[in-house]
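Please walk me through this model, one region at a time.

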Amino acid sequence: MATEQRPFHLVVFGASGFTGQFVTEEVAREQVDPERSSRLPWAVAGRSREKLQRVLEKAALKLGRPTLSSEVGIIICDIANPASLDEMAKQATVVLNCVGPYRFYGEPVIKACVENGASCIDISGEPQFLELMQLKYHEKAADKGVYIIGSSGFDSIPADLGVIYTRNKMNGTLTAVESFLTIHSGPEGLSIHDGTWKSAIYGFGDQSNLRKLRNASNLKPVPLIGPKLKRRWPISYCRELKGYSIPFMGSDVSVVKRTQRYLYENLEESPVQYAAYVTVGGITSVIKLMFAGLFFLFFVRFGIGRQLLIKFPWFFSFGYFSKQGPTQKQIDAASFTLTFFGQGYSQGIGTDKNKPNIKICTQVKGPEAGYVATPIAMVQAAMTLLNDASDLPKAGGVFTPGAAFSKTKLIDRLNKHGIEFSVISSSEV
């Protein structure tokens, strides 16, 4: 990618936000990676110079790098000022956008990046925003030769690339995958910053517009290969993992489906059916989550209900979401495991009349999902854009992570940075 004439390879926009702080620290680690062969000029961007300065001072202290502040550029810009976004985009090869909810604040950044020739990565888990941006900006981004890649955090790099990894490791044709997310917490329990909670509230409150958007895009259905993947009950028992699970409500299914469509339509690869679940442990957790879910789905339908959900995240989420976010102790003790159960056909076996005769189980494991794994995934996606240009889709455009990175070394990069992909078992049935 054209980095020579731009002062910064990476710009972290929204660096002084809750997630932005962690992304800033991760770029600072990448800057001094012993395997790095060239320098990595980068900057932080946001509304307040003082806050950005504090972010760099905090990162310098945490990483033991007293000179960090003097090594990083500072760009002052504001979502409400398009000219300032243009100025930021002109100085960047890749913008890492950490300012959400993206449905309110994401588009001006994408518009500025496309118009000024910068690529852009975000960590949105909001299907409506992601799909609308693809519809509006794909051709414009392709004309400019820039890459706009959404959902490049915990939603949805482990799921999207996990399905591609499973397909690559199967000795035959993968036709269907179910994934099960297990979140492990330490003695201090779990907590998630309420920015994620707000995104979910606005997303669920606006489901009808997502349906309209999908109907308007008039996409031809992708063919089903092998038997149709049956959906599980809203609460089901997973024998292999010895626990109950519920459907995963994030953007993973939407993102994986878009990737599979891209791989089928552009690279003639066999599409994979996909369903995502999250394990919830024993029956007590199931009951607690059912009540939280029913409360949420009831309140999210009304304006006043949404205001209450936003005002009291801790109460309505039974303590899972808070305005403060997790403590460092909670972050250090947490981790995730994403387990994929795939089925398909060995080479030479027809997929139309026969039953699937191969099973495969793979896993993606990593550190705490929201504020450790997400920055790693986002920064390594950016490094892939900078370094694996010849393996990206030929023209630019708006892509899912799997569509952009399926031929790159991103999985190898993630493995080196603590998000590990592995095969657990593979067998012919």
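Leu190 sits in the loop between β7 (172–184) and β8 (192–193). Strands here are DSSP E runs of at least two residues, helices are H or I runs of at least four, and both are numbered from the N terminus. Leu190 counts as partly exposed because its relative accessibility is 32%. The cut-offs are these: buried is under 20% relative accessible area, exposed is over 50%, and partly exposed lies in between (1.4 Å probe, protein chains only).

This is a predicted model: local features need pLDDT of at least 70, side-chain atom pairs count only at pLDDT 80 or more, and totals for chains, interfaces and linings use all residues. Residues are numbered from 1 along each chain as its sequence is written, and side-chain values use heavy atoms, with hydrogens and water left out.

Leu190 also belongs to a nonpolar surface patch of about 690 Å². Helix α11 (residues 283–299) gives the largest share, 4 residues. Patch members have over 30% relative accessible area and no salt bridge; like charges are joined within 9 Å, and nonpolar side chains (Val, Leu, Ile, Met, Phe, Trp, Tyr) within 5 Å. A salt bridge is a side-chain nitrogen of Lys or Arg within 4 Å of a carboxyl oxygen of Asp or Glu. Areas come from the Shrake-Rupley method with a 1.4 Å probe; for residues, only the protein chains shown count as cover.

Now turn to helix α6. A kink of about 55° is centred on Tyr137. The bend is the angle between axes fitted to the seven residues ending at a residue and the seven starting there. Tyr137 is also buried, as are others in α6, including Phe129, Leu130 and Met133. The buried residues of α6 pack against several elements, among them α5 (102–115), α9 (207–216) and α10 (252–267). Just after α6, Gly145 takes a positive phi of about 70°.

Helix α5 holds Pro108. Pro108 is partly exposed, because its relative accessible area is 30%. Beyond residues up to four places away in sequence, Pro108 touches Ile79 and Leu85. Contact means heavy atoms within 4.5 Å.

Last, Gln21 lies in helix α1 (residues 18–31). With a relative accessible area of 9%, Gln21 is buried.
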